[in-house]
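Thanks for coming, everyone. Please take a moment to look at the sequence and the structure before I walk through them.

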Amino acid sequence: MAETHNKIVASAAKSSLGPLGFVRKGRSRTWIADHSWWASVVEFQPSSWSKGSYLNVAAHWLWSDQEHLSFDFGGRIDGYVEYGSDAQFSVAVAALAERAANESLRLAQMFVSLPETARLLLSKVREGSDSGWGAYHAAVAAGLAGFHDDANEMLARVANGFASPDSALALATKRISAIGVETENFCNEVRSLIGAHRAALRLPALSALPF
C-alpha cells in the first residue's frame, strides 16, 4: 500500500494539475501535459533522506533523441516540503501543487508557437554561451521556424563545443547537420524523432504537427 504522504501528493497534484490536462506517469510523482511538440513536466521529487517533496517544473522538447524525460527549460521551484503530519503536509503540498500549476501555465504562454519558442531559446543560449543540449534544442526550434542561419549557428556551437564525439549530443547534432536545416528532410527527421519519443513516453500518436 502506498504511504500516506505519497497519496497526499497524488491527490494534490490531481486536483491542481488535472484540470490543465496533466496526466500522471504511471504510479510516479511525475505529471505530464501534452503540447504536441513539447510537454510540460511536473515532478514532486522525493528525498532519499526523509518523507517530503521538492518541486520541479519544466518544458521538455519532444524532439529529444532519447527515451527519458528531461527538464529542458525550467527546473527546481521553491524549497523542500517535509512531512510532519497528514494535516500539515496536505496544506503544504496543496500550495506546492498550485505553484506547479501556475508555473506550467506561464511556460505554456511562453511557448505558444515555434517562432516564439525559437527566439526565446536562441536568446537564452546567446546570453549563457551554451554549447550543449540548450544549443541543440535552439537549433531544432530555429530550423522548424525557418530561421536557418540561426539554426546553423547553434549547430556550429555544439560541434565546436566540448561534447564527446561519441556522445548522444554530438551524434544528434551530426545527424541534423548532415540533413541540413533548410530541407524538408529536416522536418521529416524531427517529426520522426517526436513520434518515437511520444511512443516511448506512451503519449498518443499524432496525425499532424504544426510544421
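At what angle do the axes of helix 4 and helix 5 cross? This is a predicted model, in which local features need pLDDT of at least 70 and side-chain atom pairs count only at pLDDT 80 or more, while totals for chains, interfaces and linings use all residues. Residues are numbered from 1 along each chain as its sequence is written, and side-chain values use heavy atoms, with hydrogens and water left out.

To the question, then: helix 4, residues 133–145, and helix 5, residues 148–159, have axes (lines fitted to C-alpha atoms over the stretch in contact, with angles from 0 to 180 degrees between N-to-C directions) that come within 8 Å and cross at roughly 160°. That makes helix 4 roughly antiparallel to helix 5, a term used for angles over 145 degrees.

On the helix 4 side, Ala135, Tyr136, Ala138, Ala139, Ala142 and Gly143 are in contact (heavy atoms within 4.5 Å) with residues of helix 5, among them His148, Met154, Leu155 and Val158.

Stepping back to the whole protein, there are seven helices and five strands, counted as DSSP runs (H or I of at least four residues for helices, E of at least two for strands, numbered from the N terminus). From the N terminus on, the order of these elements is α-β-β-β-β-β-α-α-α-α-α-α.

As for overall dimensions, the C-alpha atoms fill a box of roughly 55 × 35 × 30 Å along the principal axes. Finally, buried residues, meaning those under 20% relative accessible area with a 1.4 Å probe and protein chains only, make up 44% of the 211 residues.

Methods
Parallel < 35°, antiparallel > 145°, perpendicular 65-115°, else oblique. Buried < 20%, exposed > 50% of the residue type's maximum accessible area, 1.4 Å probe, protein only.
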